[in-house]
Amino acid sequence: MGECRTEYRGLPDANGEDAGTVPAALRKVSIVPLVFLIFYEVSGGPFGIEDSVGAAGPLLAIVGFLVLPVIWSIPEALITAELGTMFPENGGYVVWVASALGPYWGFQQGWVKWLSGVIDNALYPVLFLDYLKSAVPALGGGPPRAFAVLGLTAVLTLLNYRGLTVVGWVAICLGVFSILPFFVMGLISLPRLRPARWLVVDLHNVDWNLYLNTLFWNLNYWDSISTLSGEVDNPGKTLPKALFYAVIFVVVGYLYPLLAGTGAVPLDRGQWSDGYFSDLAKLLGGAWLMWWVQAAAALSNMGMFVAEMSSDSYQLLGMAERGMLPAFFARRSRHGTPLVGILFSASGVLLLSSLSFEEIVAAENFLYCFGMLLEFIAFVLLRVRRPDAPRPYRVPLGTAGCVAMLVPPTALIVVVLALSTLKVALVSLGAVAIGLVLQPALRFVETKGLLRFAVNTDLPDIGVGQSSASAEEPVTP
């Protein structure tokens, strides 16, 4: 495992054949598509960062997108690089927590992270249609909007079904298209830049709740790529490099248009809300640039959807290969994709797509924070209990240094949770409670023989005892 050459294959089918073995050409993701998949897991472009200026002004917005990556994004990316190469399989963060805290808490991690990801993904078809409803008013509500959400979800789900190679190259094409208009806008803004505009701040007029949630939402989910580790070509080298390049890509992708927009146009904080970059594009370059930004925003939501669904569905496959979910979740399509996981994730998106934007983001952030606390604990415990375990990439800090590195992001989590409304907290805690009873319920179903569970014998031992799931039992359709 130190060289990351272990083949992570699926479980056997009813005939005893390996149903999950997929030709390498179909299932291995190289570094360039991986960078863009991470980009879409985390960012997708500067769409949605406008509220940081509206909430706090230019200076705090710029400082926020410089400082928060240091205290949050980089630590999360470093943890993902170390543990993702230590356990290069599709269970990702589920396996990290299971190895450190046992399979019960590994399942809880999988539940809250999958739910958080599906909630996040429910945003993107809705936001896509929001960008189009000015041109097609019928998409603003009613049956046309519902059918549009269903159709868009079906098309994007089909892309995931066709395989990560397709998804990766779609992410590259959408990423280039989404970033180019901001590059052009930045060049056009150069003659109008007034650096003094970047320094405007009014500490007595800051919406800290909106400001911190905007920063947090736009700079998290670095660990989501870990659930695709089993599909990555030579993850021991490729994953850390891809995370490094993606951090730079995301931070520059936020700061470049932020500096251009706040420096070239006189400040009106009331205008800085979702979608304002298209107005800035019209002011700076004309209607053609505005339409380009709007098209990029719409397509960026498609890129974020396919990247997030890939992560969510492969996570379910990885959990099934560890015996945490019924074995049918581990079955792959002829394209090598987790068909059942894709269908489950798509169903969750459709069920949640009727919620409001604010409700979705708030609930997603709360569940995500709970999962990150489990990851931080697992990271430290694995350093203490398994210091000599092979780690193709290792964070260049000792255990004490790692603990110190996690203090600022943990404090940020506490602040985000404290800012949650009572309604969001109660709903989110109710979702957590479902997971607490769901895992014992699945074990009961397994012992009664109602569903078949199995552990993939090709996966390395993670140092914890599984339930009664048998590695020898074949998986039936």
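In this talk a residue is called buried when its relative accessible area is under 20%, exposed when that area is over 50%, and partly exposed in between, using a 1.4 Å probe and protein chains only. By that rule Cys173 counts as exposed, because its relative accessibility is 53%. Cys369, in turn, counts as buried because its value is 0%. A search of the whole structure for disulfides, meaning pairs of cysteine sulfur atoms within 2.5 Å, returns zero.

A word on the basis of these values. The model is predicted, so local features need pLDDT of at least 70 and side-chain atom pairs count only at pLDDT 80 or more, while totals for chains, interfaces and linings use all residues. Residues are numbered from 1 along each chain as its sequence is written, and side-chain values use heavy atoms, with hydrogens and water left out.

Let me turn to the overall fold. The protein chain has 17 helices and zero strands; these are DSSP runs numbered from the N terminus, with helices being H or I of at least four residues and strands E of at least two. Of its 477 residues, 56% are buried. Contact here means heavy atoms within 4.5 Å. Among contacts between residues at least 6 apart in sequence, 82% join residues at least 24 apart.

Helix H11 covers residues 235–264. The expected span of a helix is 1.5 Å times one less than its number of residues.

I come now to the charged residues. Side chains of opposite charge can pair when their charged atoms come close. A salt bridge is counted when a side-chain nitrogen of Lys or Arg lies within 4 Å of a carboxyl oxygen of Asp or Glu. How many salt bridges does this rule give? The count comes to seven.

One of them joins the side chains of Arg383 and Glu82, at 2.9 Å from N to O. Arg383 lies in helix H15 (residues 357–385) and Glu82 in helix H4, so this pair ties together parts that are 301 residues apart in sequence. Arg383 is buried, with a relative accessible area of 3%, and Glu82 is buried at 0%.

Glu82 also forms a salt bridge with Arg391, again with closest N and O atoms 2.9 Å apart. Arg391 sits in the loop between H15 and helix H16 (399–418), 309 residues from Glu82. Both partners are buried.

Lys113 and Glu375 form a further salt bridge, with closest N and O atoms 3.4 Å apart. Since Lys113 lies in helix H6 (residues 103–121) and Glu375 in helix H15, the pair ties together parts that are 262 residues apart in sequence. Lys113 and Glu375 are both buried. Through shared partners, salt bridges join Glu82, Arg383 and Arg391 into one network.

Finally, consider Glu76 in helix H4, which spans residues 58–86. Glu76 is buried yet has no salt bridge. Which side chain of opposite charge is nearest to Glu76? That is Lys113, 5.2 Å away; Lys and Arg count as positive and Asp and Glu as negative, with His and the chain ends not counted.

The side chain of Glu76 does have polar partners. A polar contact of 2.4 Å joins the side chains of Glu76 and Tyr368. The term denotes a pair of N or O atoms within 3.5 Å; within protein, one must be able to donate a hydrogen and the other to accept it, and residues adjacent in sequence count only if both atoms are side-chain atoms. The backbone nitrogen of Trp222 lies 3.3 Å from a polar atom of the Glu76 side chain. Not counting residues up to four places away in sequence, Glu76 touches several others, including Leu219, Asn220, Asp223 and Met372.
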